Amino acid sequence: MNSQIQQYLKLIQFQGSLEPSIKLLGQLQTRHLHIIPYENLDVALKNGISFAIPDLFQKIIIQHRGGNCFELNILFSWLLRELGFSVTNRYAQFWRNVEADTPVEDVPMHQLLLVHFAGQSYISDVGVGAVAPCKPVPLIAGHQHREGNELYKIERDEVNGWMLYEQTKHDWRLLYSFFDDANDAKFAPRLSKQKNKIAMIRTPRGRHTMLNNEFRIYEGQSLTTYSTHNEKDWRQALHRFFHITLD
């Protein structure tokens with residue numbers, strides 16, 4: 001095992017067998033989601049972004065930052081391939097919180113991973129940050145996937161391709177959709193439209209979220225909201241809740 005893999009596994013606090021399996025994939029995915037946050041600060045602050053593995057490794061593993069879905073899943077796919085998994089990167093349309101009449105070309109783009117193991121493909125995704133599966137989801141039409149109180153299902157049709165739904169209090173809501181031949185040709189201009197500073201991370205008991213100067217801490221059934229009023233307090237809260245330090 002090379003030193004970069006060791007550094008990656010140390011950061012996400014993983015110890016155990018590295019023999020490729022769906023169990024291992026789920027362990028790595030969960031640890032990743034609990035340690036490395038989704039955040040778009042470089043986009044919001046108009047800093048440059050590189051999707052090259054050395055640059056992603058430096059930012060996320062060495063500097064203890066997070067990233068957007070492209071950064072996070074590209075680096076995670078590199079880790080999985082280094083450990084012997086068969087992985088395909090897929091680009092999706094992210095439908096959560098999108099108005100029903102939104103033109104398709106304005107729907108945010110997303111990246112996810114398909115991991116192929118023992119003749120079956122699984123969705124593995126460390127790039128959502130908010131509520132989404134923490135374990136691999138078999139890519140089988142009609143399959144339902146439960147994690148605690150969360151329930152998801154996979155569907156497929158000719159119009160939207162593969163679709164991952166999440167159960168809400170009253171209905172099923174489309175989280176994202178993608179096609180077998182999806183590519184990244186249209187993601188860059190949509191990515192550049194993000195203006196709000198956003199950070200999200202899952203925790204064993206809930207999640208932490210940030211939208212500009214408002215921080216929300218979800219623990220079980222409780223919610224604590226914390227607002228900052230100056231740059232110093234914001235940076236301290238960013239480090240406290242997401243372990244992010246900006247230069």
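At what angle do helix H1 and helix H4 pack, and how far apart are their axes? In this predicted model, H1 (residues 3-11) and H4 (residues 53-62) pack at about 35 degrees, and their axes lie 10 Å apart. H1 goes past H4 in a left-handed crossing. On the H1 side, the contact uses Gln-4, Gln-7, Tyr-8 and Leu-11; on the H4 side, look for Phe-57, Ile-60, Ile-61 and Ile-62. Sorted by class, the residues of this contact come out as 6 nonpolar, 2 polar and no charged.

Next up is the pairing of H2 (residues 22-35) with H5 (residues 69-82), which pack at an angle of about 145 degrees with axes 12 Å apart. This crossing is right-handed. H2 brings Leu-25, Leu-28, Gln-29 and His-32 to the contact, and H5 answers with Leu-72, Phe-76 and Leu-80. That makes 5 nonpolar, 2 polar and no charged residues for H2 with H5.

| Helix pair | Packing angle | Axis separation |
|---|---|---|
| H1 and H4 | about 35 degrees | 10 Å |
| H2 and H5 | about 145 degrees | 12 Å |

Now for the cysteines. The disulfide count is 0. Cys-69 is in no disulfide, and the nearest cysteine sulfur to it, that of Cys-134, sits 16 Å away. Cys-134 is likewise in no disulfide, with the sulfur of Cys-69 as its nearest, 16 Å off. Are these residues buried or exposed? Cys-69 has 5% relative accessibility, so it counts as buried. Cys-134 is at 8% relative accessibility and therefore also counts as buried.

Definitions and conventions: Residues are numbered from 1 along each chain as its sequence is written. This is a predicted model: local features need pLDDT of at least 70, side-chain atom pairs count only at pLDDT 80 or more; totals for chains, interfaces and linings use all residues. Side-chain values use heavy atoms; hydrogens and water are left out. Axes are lines fitted to C-alpha atoms, for helices over the stretch in contact, and angles run from 0 to 180 degrees between N-to-C directions. Helices (H or I, at least four residues) and strands (E, at least two) are DSSP runs, numbered from the N terminus. A crossing is left-handed if the near helix is turned anticlockwise from the far one by less than a right angle, and right-handed if clockwise. Contact means heavy atoms within 4.5 Å. Ala, Val, Leu, Ile, Met, Phe, Trp, Tyr, Cys and Pro count as nonpolar, Asp, Glu, Lys and Arg as charged, and the others, Gly among them, as polar. A disulfide is a pair of cysteine sulfur atoms within 2.5 Å. Buried means under 20% relative accessible area, exposed over 50%, partly exposed in between (1.4 Å probe, protein chains only).
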